Amino acid sequence: MSTASTSPSAIAALVLARSPRVLFLDYDGTLVPFARTPELARPDAELLLLLEELGARPDTDVHVVSGRSRASLEAWLGHLPIGLHAEHGYWQRASQRHAWVTQLVPEQRRWLRLLERVLVCAVEELPGALLERKSSSLAFHFRNADPEEAGAAADRLRAELLPVCARHGLALLDGNHVLEIRPEGVHKGTVVREVLTGSAARAVLAVGDDTTDLDMFAALPDHGVAVVAGDRLRDAQHRLPGPPEVRELLALVAAAPIAGVEAVSFS
């Protein structure tokens with residue numbers, strides 16, 4: 001049974017009780033609804049303004065942690081004063097002032113190229129499926145395929161890919177209507193640990209919607225607040241119905257008074 005939803009205001013109260021704070025935010029399914037194809041889930045003006053307001057707060061450090069490619073995050077969010085972490089943390093830009101950094105073992109890159117052939121064949125055999133190529137991973141999307149055929153195709157791929165990935169330092173990730181191959185040890189939990197190392201944050205919030213976000217939740221400190229968007233994950237600490245409520249939560253944080261700054265009255 002899934003956990004009952006918590007109101008955005010109740011979660012905001014937990015986050016705002018202490019400062020400074022760090023926010024770790026998934027993108028697809030969390031900040032924006034899922035789209036039929038990855039390129040259709042562009043951020044709207046409301047979201048861009050909200051992230052800009054949050055990132056401008058001196059008491060709040062914002063990080064978008066996504067499976068998206070570095071190119072997509074840079075194009076859509078690169079102008080914002082926030083940290084960006086692409087491909088589940090393989091590429092990282094600590095802040096707007098920092099360059100993107102990463103590393104990939106040559107052996108892993110070679111096996112990614114070999115397994116790409118397997119995924120290309122799977123896409124050709126399943127109408128509606130598509131292959132997303134990233135610098136460090138490959139993603140087989142089947143959201144737009146026939147559900148029964150897609151389920152069978154995904155099962156076949158898991159059986160074929162898992163042994164190969166296990167032998168060659170790669171991980172097979174089950175996402176929301178997607179199977180992704182990526183280097184082992186690259187996950188959202190590493191982002192949380194690296195950002196929090198040496199941080200003075202007294203409040204930490206992580207919001208995500210699927211299994212790729214479990215590592216992020218697991219890496220939170222004891223005082224961290226984990227929030228699931230939607231109903232894909234069970235037994236969540238806190239749950240919000242979807243992106244609209246996540247934005248409502250973030251808007252409450254963005255609008256809160258900043259400690260030591262008095263409100264100005266124009267009356």
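## The loop between strands 3 and 4

In this predicted model, Gly89 lies in the loop that links strand 3, residues 83-86, to strand 4, residues 91-93. Gly89 has a relative accessible area of 8%, and because the cut-off for a buried residue is under 20%, Gly89 counts as buried. Leaving aside residues up to four places away in sequence, Gly89 touches Ser66, Val186 and Val191. Pro58, by comparison, is 31 residues apart from Gly89 in sequence, and the two C-alpha atoms are 24 Å apart in space.

His88 is likewise placed in the loop between strand 3 and strand 4, and with a relative accessible area of 3% His88 is buried. The side chain of His88 is joined to that of Glu180 by a polar contact of 3.0 Å. Once residues up to four places away in sequence are set aside, the residues that His88 touches include Ser66, Val186 and Val191, each of which is also touched by Gly89. Among the other residues in contact with His88 are Gly67, Leu173, Arg182, His187, Lys188 and Thr212, together with Glu180.

## The loop between strands 7 and 8

Asn176 is found in the loop between strand 7, residues 170-175, and strand 8, residues 178-183. The relative accessibility of Asn176 is 13%, so this residue is counted as buried.

A polar contact of 2.7 Å connects the side chain of Asn176 with the side chain of His177. Beyond residues up to four places away in sequence, Asn176 touches Phe34, Arg143, Asp209, Asp210 and Arg232.

## Packing of helix 1 and helix 8

The axes of helix 1, formed by residues 8-16, and helix 8, formed by residues 243-255, come within 9 Å of one another and cross at roughly 40 degrees. Because of this angle, helix 1 is oblique to helix 8, and the crossing of the two helices is right-handed.

On the side of helix 1, the contact is made by Pro8, Ser9, Ile11, Ala12, Val15 and Leu16, while helix 8 contributes Glu245, Glu248, Leu249, Leu252 and Val253. Sorted by class, the residues in the contact of helix 1 with helix 8 are eight nonpolar, one polar and two charged.

Technical notes. Residues numbered from 1 in each chain as written. Predicted model: local features only at pLDDT ≥ 70, side-chain atom pairs only at ≥ 80, totals over all residues. Heavy atoms only, no water. Helix = DSSP H or I, 4+ residues; strand = E, 2+ residues; numbered from the N terminus. Buried < 20%, exposed > 50% of the residue type's maximum accessible area, 1.4 Å probe, protein only. Contact = heavy atoms within 4.5 Å. Polar contact = N/O pair within 3.5 Å; in protein donor to acceptor, adjacent residues only side chain to side chain. Axes fitted to C-alpha atoms, helices over the stretch in contact; angles between N-to-C directions. Parallel < 35°, antiparallel > 145°, perpendicular 65-115°, else oblique. Left-handed = near helix turned anticlockwise from the far one by under 90°. Nonpolar A, V, L, I, M, F, W, Y, C, P; charged D, E, K, R; others polar.
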